Amino acid sequence: WRVRVFYFPGCPAPDLTFYSETTNAPNNGCNTFRTDAIKTIRKLHPAMVVVTSASLGQQVSKGVVATSTQWETGYSKTLSLLKMAGTQLVVMGDIPILAQDDATCLAAHESDVKACTTPLAQAETGVYISSEEQAASANGARYIPTEQWICAQVCDAIVGHMRVYNDQYHISATYSKYLSGAVQTALNLGGAL
């Protein structure tokens, strides 16, 4: 398998104009990037397109977070533009978000790792999992939930001897590598990535 990654910092997949806290203005560069990325992907006509985005706190104007309905509508539009005959379309769901920074919490609770857990229901608050599932369904895309790999009833800071999160919002590189087999299986890929 050959993998091409299309990524622009602060630029989620849904077709919405997002607000940049860096420039204090609409992120028009994101719109241009998204349009160009979709055109390039369509020209490549890959066997599979996997789309994923962080949904928590994505602003559409200063201080105004996108609603779940906006997220679903924007995601659906992006997916509709990526649909091609002969190409599998997959949405890999957003990850649960910890209540606190993982490393900071663990450093403060060296003898009580459980103090750094976050209940799953809390970790999914503000994460638009349902919106992404619905957008995927509406566009014939397969939806792969990610919380199954990260949390049960709670999101633990440590699994085995691995730190799960790098901070509140990102999975650690070690845990990501650990999940590579599960991701490969979920995508129905044979052989090594």
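This is a predicted model: local features need pLDDT of at least 70, side-chain atom pairs count only at pLDDT 80 or more; totals for chains, interfaces and linings use all residues.
Is the link of Cys105 and Cys116 left-handed or right-handed?

Residues are numbered from 1 along each chain as its sequence is written, and side-chain values use heavy atoms, with hydrogens and water left out.

Disulfides come first. A disulfide here is a pair of cysteine sulfur atoms within 2.5 Å. Searching the whole structure gives three disulfides. If you count the bonded cysteines along the protein chain, the pattern is 1-2, 3-4, 5-6.

Let us start with Cys11 and Cys30, whose sulfur atoms are 2.0 Å apart in a disulfide. This pair links distant parts of the chain, 19 residues apart: Cys11 sits in the segment before strand 1 (19–20), and Cys30 sits in helix 1 (residues 28–44). A word on those names: helices (H or I, at least four residues) and strands (E, at least two) are DSSP runs, numbered from the N terminus. The torsion about the S-S bond of Cys11 and Cys30 is about 80 degrees, so this disulfide is right-handed. Cys11 and Cys30 are both buried. Buried means under 20% relative accessible area, exposed means over 50%, and partly exposed is in between, using a 1.4 Å probe and protein chains only.

Now back to the opening question. Cys105 and Cys116 are joined by a disulfide, 2.2 Å from S to S. The link is left-handed, with -100 degrees about the S-S bond. Cys105 is buried at a relative accessible area of 8%, and Cys116 is buried at 0%.

That leaves Cys151 and Cys155, which form a disulfide with sulfur atoms 2.0 Å apart. Its torsion about the S-S bond is about 100 degrees, so the disulfide of Cys151 and Cys155 is right-handed. Cys151 and Cys155 are both buried.

Next, the aromatic rings. Rings of Phe, Tyr and Trp (its six-membered ring) pair if their centres lie within 6.5 Å; planes under 30 degrees apart count as stacked, over 60 as edge-to-face, and the rest as tilted. There are five aromatic pairs in the whole structure, and I will show two.

One is Phe18 with Trp71, an edge-to-face pair at 6.0 Å centre to centre, with 65 degrees between the planes. Phe18 is in the segment before strand 1 and Trp71 in helix 2 (residues 68–82), so to speak of sequence, they are 53 residues apart. Phe18 is buried, with a relative accessible area of 1%, and Trp71 counts as buried at 0% relative accessibility.

Trp71 also pairs with Tyr128, and this pair is tilted, at 6.1 Å centre to centre and 55 degrees between the planes. Trp71 lies in helix 2 and Tyr128 in the loop between helix 4 (120–123) and helix 5 (129–138), so the pair ties together parts 57 residues apart in sequence. Tyr128 counts as buried at 17% relative accessibility.

Which residues do ring pairs link into a cluster? They are Phe18, Trp71, Tyr75 and Tyr128.
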